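Student: Could you walk me through how to read packing in a structure like this one?
Tutor: Happy to; let's look at it together.

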Amino acid sequence: MTTTDIPAQTAGPEPDTVPMTRREVMQALSGLMLGMFVSILAGTVVANALPRIIAALDGSQSVYTWIVTTELLAMTATVPLWGKAADLYSKKLLIQLSLGLFVVGSLIAGFTPNVEILLVSRVVQGVGAGGMTALAMIVMAAMIPPREMGRYSGIFGAVFGIGTIAGPLIGGVLVDTSWLGWRWTFFIGVPFTLLAIYLLQRTLHLPATPPGKVKIDYWGAFLITAGVSTLLIWSTLAGNKFAWASGWTALLVTGGLVLLALAVWVESRAAEPIIPLGIFRSRTVTLTTIASVLVGLALMGGAVFLSQYFQISLGKSPTVAGLMSLPMIFGLLVSSTVAGGLITKFGKWKIYLVVGAVVMTAGMLLLGTIDHTTSVPLVSVYMAVLGIGVGLLMQNLVLAAQNDVPAHDLGVTTSVLTFFRSMGSAVGVSALGAVMTARISDLREERFGPAPAGSSSSQVPDLASLPPEIKAIVAEIYGLATADLFLVGAPIAALAFVVVLFIKEKPLSTLSGADRLAMESAAADGTDIGGEDLGGQADAERTAKTENRPDGLVRAE
């Protein structure tokens, strides 16, 4: 075929398909990893500051829950939108936009005069987190074959561990430093965010997104967000503002379910749905989605309140509370990194899902035995067990789903899986937070009698202002309530174990998402370019092209 025979839409330079060395991949992912670090830091740096923030702004236990929930909800609602936008616009620009939102949200939170403005800032941060959460894995899948993903997932696991470790420690030190205070837990993320934007501009090089007609499923996004929000409002207020079995419960639950049913109907008819229902024809995608919801619900529902337990029940300072989170983070870091390397070496992944679910359930049960008298070393062991289980589960669920779908569904599958995991986290924080609020109220009334008129029995206490005998009773109350959360979460973790048992293990593909997409497009056009049919092996021609590159990685065009 001569140059004049080439159709107009394909004329121009050929895509760069030269395989990438591992060094080139690491350079391209450096800014991406820092962006993930910023996303993690935004959530963890305030963890040990929340009791102090709530006391300073006169917030209640429900407000404590909603400061966490609003960010999770905003992230949950926007993850599918970011995933869809990644198919239409520049992924680099979208990542930088999401980080820019972090800057705005952090500044608003740092200057907040009340809890209402703080909640608004958390929404802004959540939208940014949705972008980084969805786009990071989409970019990785475009450049890296599933068989090699374990190695790089392990590196991201290390970034996750560093960010999670550094966040509470930095937050604790800032809160305990009199001339800085809790507001700097928000300001501290701004320079990291700006540096991430700069590095992404310099190092991240992705193919230009072909022009096309933009179709965003706004109705689907609205109905999903409204339905989930309605159920979250119900789970937060039930048992506190009104009884679980009441007219308000019936109204909110029915309304939420109707909105979600309408969302399913809209998604089934939308030209470009936010959540394409067709991907759930894959058994692996369906089961990993269910497992991700359960993991998010069980883990976040309990673990988010551990910092409060350390400070109020055990009487530790914010800095010490940050140090006490290290065992769980180290467990997660080591297990995710080791499992990633072993998956890359041997190509087997299901065993890590099964073992992870068992260990996570055991960790939840062990933490269900704690109280205000439990020794710190014993709590640390229990947390390490929980961290090991989560590290074996979370990232490998994404890997299993990505390996099972066609390349053109990689982005939407990743964002959908992230969406449901985030939704599970939001529901877990909200629902189990409501359980904790009700439990604290009941225990306070047992110890102190009904709360005076105009006050709330769920008000988060300022320990510094309490006499020793009252402080001891409050410590007991929060210890018992925290243990109850983990006992409620343990059966949910056990259900995740049952789900992963039914996931069928398939060989990991050795081609990147970009190569698989090229082969699928060629097959659709009737062009024989050789290669693997998804899950097979590369042909001799491709092997010859990559034999000098040990990682077998392909540069994204």
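Student: Leaving aside neighbours within four places in sequence, which residues is Ile53 in contact with?

Tutor: Contact means heavy atoms within 4.5 Å. In this predicted model, where local features need pLDDT of at least 70, side-chain atom pairs count only at pLDDT 80 or more and totals for chains, interfaces and linings use all residues, Ile53 is in contact with Leu118, Trp182 and Phe186 once those neighbours are set aside. Residues are numbered from 1 along each chain as its sequence is written, and side-chain values use heavy atoms, with hydrogens and water left out.

Student: Which residues touch the most other members of the largest nonpolar core?

Tutor: A nonpolar core is a set of buried (under 20% relative accessible area, 1.4 Å probe, protein chains only) Ala, Val, Leu, Ile, Met, Phe, Trp, Tyr and Cys residues joined through side-chain atoms within 4.5 Å. Here the largest has 72 residues, and Leu32, Ile53, Ile95 and Leu99 touch the most other members.

Student: How do I read two packed helices?

Tutor: They are described by the angle between their axes and the distance between the axes. Axes are lines fitted to C-alpha atoms over the stretch in contact, and angles run from 0 to 180 degrees between N-to-C directions. H4 (residues 91–110) and H8 (residues 189–203) pack at about 170 degrees, axes 9 Å apart. H4 and H8 are therefore roughly antiparallel (over 145 degrees). Among the residues making the contact are Ile95 and Leu99 of H4 and Leu194 and Ile197 of H8.

Definitions and conventions: Buried < 20%, exposed > 50% of the residue type's maximum accessible area, 1.4 Å probe, protein only. Helix = DSSP H or I, 4+ residues; strand = E, 2+ residues; numbered from the N terminus. Parallel < 35°, antiparallel > 145°, perpendicular 65-115°, else oblique.
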